[in-house]
2 protein chains.
Amino acid sequence: MFGNFTYCNPTKLYFGEDSLNNLKTELRKYGKNVVLVYGGGSIKKNGIYDDVLRILTESGKNVAEISGVMPNPTLSKLREGIEIAREHQADLLLAVGGGSVCDYSKAVSVSVNCEEDPWEKYFVRFEEPECRLIPVGCVLTMVGTGSEMNAGSVITNEETKQKIGHVFASEDVMPRFTVLNPVYTMTLPEYQMVAGIYDIFNHICEQYFSGEDDNTSDYISEGLMRSVIHSSRAAVKDPQNYEARSNLMWTATWALNTLISKGKTTDWMVHMLGQAAGGYTGATHGMTLAAVSLPYYRYIMPYGLAKFVRFAENVWGIAPAGKTQEQIAAEGLAAMENWMKEIGVVMKLSELGVSKDMLEDLADRTIPLKGGYKELSRDEIIRVFRESL
Amino acid sequence: MFGNFTYCNPTKLYFGEDSLNNLKTELRKYGKNVVLVYGGGSIKKNGIYDDVLRILTESGKNVAEISGVMPNPTLSKLREGIEIAREHQADLLLAVGGGSVCDYSKAVSVSVNCEEDPWEKYFVRFEEPECRLIPVGCVLTMVGTGSEMNAGSVITNEETKQKIGHVFASEDVMPRFTVLNPVYTMTLPEYQMVAGIYDIFNHICEQYFSGEDDNTSDYISEGLMRSVIHSSRAAVKDPQNYEARSNLMWTATWALNTLISKGKTTDWMVHMLGQAAGGYTGATHGMTLAAVSLPYYRYIMPYGLAKFVRFAENVWGIAPAGKTQEQIAAEGLAAMENWMKEIGVVMKLSELGVSKDMLEDLADRTIPLKGGYKELSRDEIIRVFRESL
């Protein structure tokens with residue numbers, strides 16, 4: 001727990017089966033003009049759209065809509081949303097959906113009153129907003145990204161095929177409130193659920209596999225990882241298991257709301273590799289992370305051996321007696337591999353549309369980071385991609 | 001993770017050796033009149049008082065003081081502070097000290113504009129404030145209570161010898177900001193440090209030893225407990241170990257800011273027993289908790305056996321092979337006892353001024369709670385007290 005840091009997460013979370021009942025109370029805090037933001041229309045099939053619209057109507061709100069936000073929200077979609085929010089003079093952006101819809105709404109929030117080009121300012125120069133933000137509220141229907149309680153946003157520039165995330169420093173970018181109803185996640189197809197589960201797990205890994213200090217954050221991370229492993233098995237066995245679904249939903253929020261990165265370095269290289277593949281192919285985020293994770297971790301393991309040993313023992317319960325450090329660490333990653341196969345994530349980039357001839361291009365689109373145990377060269381990035389095929 | 005709940009902890013935390021530098025930025029958000037609240041004057045010896053006063057002066061603040069806040073803040077001291085804050089027309093209460101000073105400042109905050117008697121309203125009827133609150137900021141110099149990021153306050157009525165805590169429901173009662181500098185805790189006498197360490201650990205226990213559901217909060221608790229055990233050993237060995245001191249400080253905050261109680265029942269019976277003893281004798285909070293803990297846990301163990309087995313395995317690494325559930329659970333509590341002795345907490349109420357003839361009186365002052373594995377009768381309360389002697 002070294003260094004100086006600030007922690008502030010003011011997002012108000014309403015959790016549980018009845019949590020949507022709190023939306024009306026929250027809506028009172030904002031003006032009349034609400035822009036409802038959602039994705040491909042699944043919320044119209046499962047009734048969430050009707051429930052939310054009824055509450056908005058009963059609250060006397062004047063509602064405009066941004067619909068069709070895609071899994072990897074594009075820059076042109078962002079520009080479209082900014083125009084709608086401007087025309088409607090939005091007092092609140094209400095995101096109803098998964099992480100992409102939340103991410104997108106935050107990008108609209110910081111862009112509506114921004115006079116510069118938002119792509120250049122926020123996703124190329126990584127600057128903070130200086131303009132007045134439009135408040136964002138969320139009704140989460142899919143878990144994984146943690147976007148419901150953080151200041152992160154990921155946008156894909158479809159022209160340059162770049163998928164870039166920016167975690168803003170200011171807590172003002174965070175949603176003001178989020179409704180977390182585990183029941184909403186139960187209608188999700190298994191592929192999406194499993195991708196979300198791996199996304200959660202990998203968020204924890206990215207913050208855990210870095211640094212050598214003895215840090216409370218790493219102890220919390222181990223607890224969260226064990227909870228994800230346990231609940232994911234129960235959720236895959238029975239997708240209607242409310243307890244498993246609610247543990248996953250809660251874990252997802254805490255896996256990426258800055259808590260477990262406090263006082264330590266972090267890595268995020270799996271996200272750099274995965275997002276390069278995702279930006280290129282449009283593949284589901286969590287699955288791209290899954291496909292590159294083990295080749296990456298096995299490659300960097302010798303450089304952060306002590307942490308991989310700790311991971312094996314504390315997360316996977318590997319008994320250390322009579323084994324070398326390398327054996328313990330390798331058994332930990334093997335246990336992780338077995339769990340990944342058990343819950344059914346995609347283990348190969350080739351299954352996500354990536355082929356050998358794309359590797360140079362993917363390497364060009366991969367931003368190398370310095371936070372992990374080994375800073376990857378371009379050749380090493382290609383090597384990890386090749387082993388992920 | 002069952003039930004509906006709300007989570008909102010807006011307190012902004014500034015952590016680290018240089019964290020006091022952020023005080024000036026925070027002070028800009030409040031009006032001119034600041035009431036500085038502190039305890040017995042140790043902050044004058046170690047220089048923290050001078051540093052804080054310099055920043056207040058440089059920020060152009062008009063400063064009044066409430067000094068001499070005692071370890072168990074009394075009702076008469078509260079009434080005195082309310083008068084000072086009223087006369088000074090306080091815009092901010094700046095608590096510089098440990099949990100008692102933070103607790104006390106929150107009690108002043110909710111009472112300054114309250115027309116009813118604060119003891120009756122907040123500590124007898126447990127009502128929420130309806131009046132305008134005075135914002136509270138904290139500079140923490142002692143760890144343990146978690147008061148720096150929660151809405152709790154404990155006040156002792158010296159006439160009736162009642163020590164009563166109220167955790168307010170509203171996040172408005174929480175400090176607006178807290179400065180957490182681990183270096184400040186290094187000048188603390190070992191007795192105080194160890195009492196604080198056990199206070200942290202017991203806060204986690206109170207939330208952990210309840211319920212039988214599979215809950216993410218319990219996994220986070222296990223991580224926090226392991227971090228406390230590890231860091232406490234390092235801090236007792238070398239009180240100047242910055243890493244250990246900072247892990248303890250951070251763990252204390254997260255042990256009692258509502259996170260690890262979300263979605264589950266909690267117990268708090270050790271606090272009821274300990275506070276009864278503390279209110280009667282004035283003994284240090286953490287030590288009263290330590291003295292009653294093992295007799296209480298050993299008594300309720302059969303009623304919550306599965307959780308005590310989990311505690312033994314996941315927190316203390318007890319190997320289960322070839323043992324009965326009772327044996328595993330008992331070994332976990334024995335490991336806890338060894339650790340308590342190792343760090344040097346007080347293991348007996350008799351060492352804290354409690355004698356056999358007080359037991360009936362203590363039982364009268366102990367509020368029995370229903371959240372734990374076994375609701376204690378008056379006889380059982382006396383029995384636990386007797387075994388704590």
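A salt bridge is a side-chain nitrogen of Lys or Arg within 4 Å of a carboxyl oxygen of Asp or Glu.

The model is predicted, so local features need pLDDT of at least 70 and side-chain atom pairs count only at pLDDT 80 or more, while totals for chains, interfaces and linings use all residues. Residues are numbered from 1 along each chain as its sequence is written, chains are lettered from A and ligands numbered from 1 in the order in which they are written, and side-chain values use heavy atoms, with hydrogens and water left out.

## Domains of chain A

Chain A is assigned domain 1 (12-184) and domain 2 (191-388); such bounds come from an automatic or database domain assignment. The C-alpha centres of the two domains of chain A are 27 Å apart. Contact, defined as heavy atoms within 4.5 Å, joins 23 residues of domain 1 of chain A to 23 residues of domain 2 of chain A. Buried area is the accessible area (1.4 Å probe) that two parts lose on being put together, summed over both. Between domain 1 and domain 2 of chain A this area is about 2,000 Å², and carbon and sulfur atoms give 65% of it. A:Val143, A:Lys161 and A:Lys163 supply 29% of the area that domain 1 of chain A buries against domain 2 of chain A, more than any other three residues.

The count of salt bridges between domain 1 and domain 2 of chain A is 0. A polar contact is a pair of N or O atoms within 3.5 Å; within protein, one must be able to donate a hydrogen and the other to accept it, and residues adjacent in sequence count only if both atoms are side-chain atoms. Across the interface of domain 1 and domain 2 of chain A, 7 residue pairs are in polar contact, both at pLDDT 80 or more.

## The interface of chains A and B

At this interface, 45 residues of chain B are in contact with 45 residues of chain A. The two chains bury about 3,800 Å² between them, with 55% given by carbon and sulfur atoms. There are 24 residue pairs in polar contact across the interface of chain B and chain A, both at pLDDT 80 or more. The count of salt bridges between chain B and chain A is 2. B:Lys12 forms a salt bridge with A:Glu171, their closest N and O atoms being 2.8 Å apart. On the side of chain B that touches chain A, β1 (5-15), α8 (216-237) and α9 (242-255) of chain B each supply at least two residues. Helices (H or I, at least four residues) and strands (E, at least two) are DSSP runs, numbered from the N terminus.

## Core and salt bridges

A nonpolar core is a set of buried Ala, Val, Leu, Ile, Met, Phe, Trp, Tyr and Cys residues joined through side-chain atoms within 4.5 Å. Buried means under 20% relative accessible area, exposed over 50%, and partly exposed in between (1.4 Å probe, protein chains only). The largest nonpolar core has 241 residues, of which A:Phe201 and B:Phe201 touch the most other members. Beyond its neighbours within four places in sequence, A:Phe201 is in contact with residues including A:Trp316, A:Met336 and A:Trp339.

Over all chains the structure holds 49 salt bridges.

| Salt bridge | N to O distance |
|---|---|
| A:Asp218 and A:Lys307 | 2.9 Å |
| A:Lys323 and A:Glu331 | 3.1 Å |
| A:Glu375 and A:Lys370 | 3.4 Å |

A:Asp218 counts as buried at 0% relative accessibility, and A:Lys307 counts as buried at 7%. A:Lys323 is partly exposed, with a relative accessible area of 29%, and A:Glu331 is partly exposed at 32%. A:Glu375 counts as partly exposed at 41%, whereas A:Lys370 counts as exposed at 67%.

## Selected residues

A:Ile318 lies in the loop between α12 (305-316) and α13 (325-343) of chain A and is buried, with a relative accessible area of 14%. A:Ile318 and A:Glu331 are 13 residues apart in sequence and 7.0 Å apart in space, C-alpha to C-alpha.

A:Gln89, in the loop between α4 (75-87) and β4 (92-97) of chain A, has a positive phi of about 50° although it is not a glycine. A:Gln89 is exposed, with a relative accessible area of 60%.
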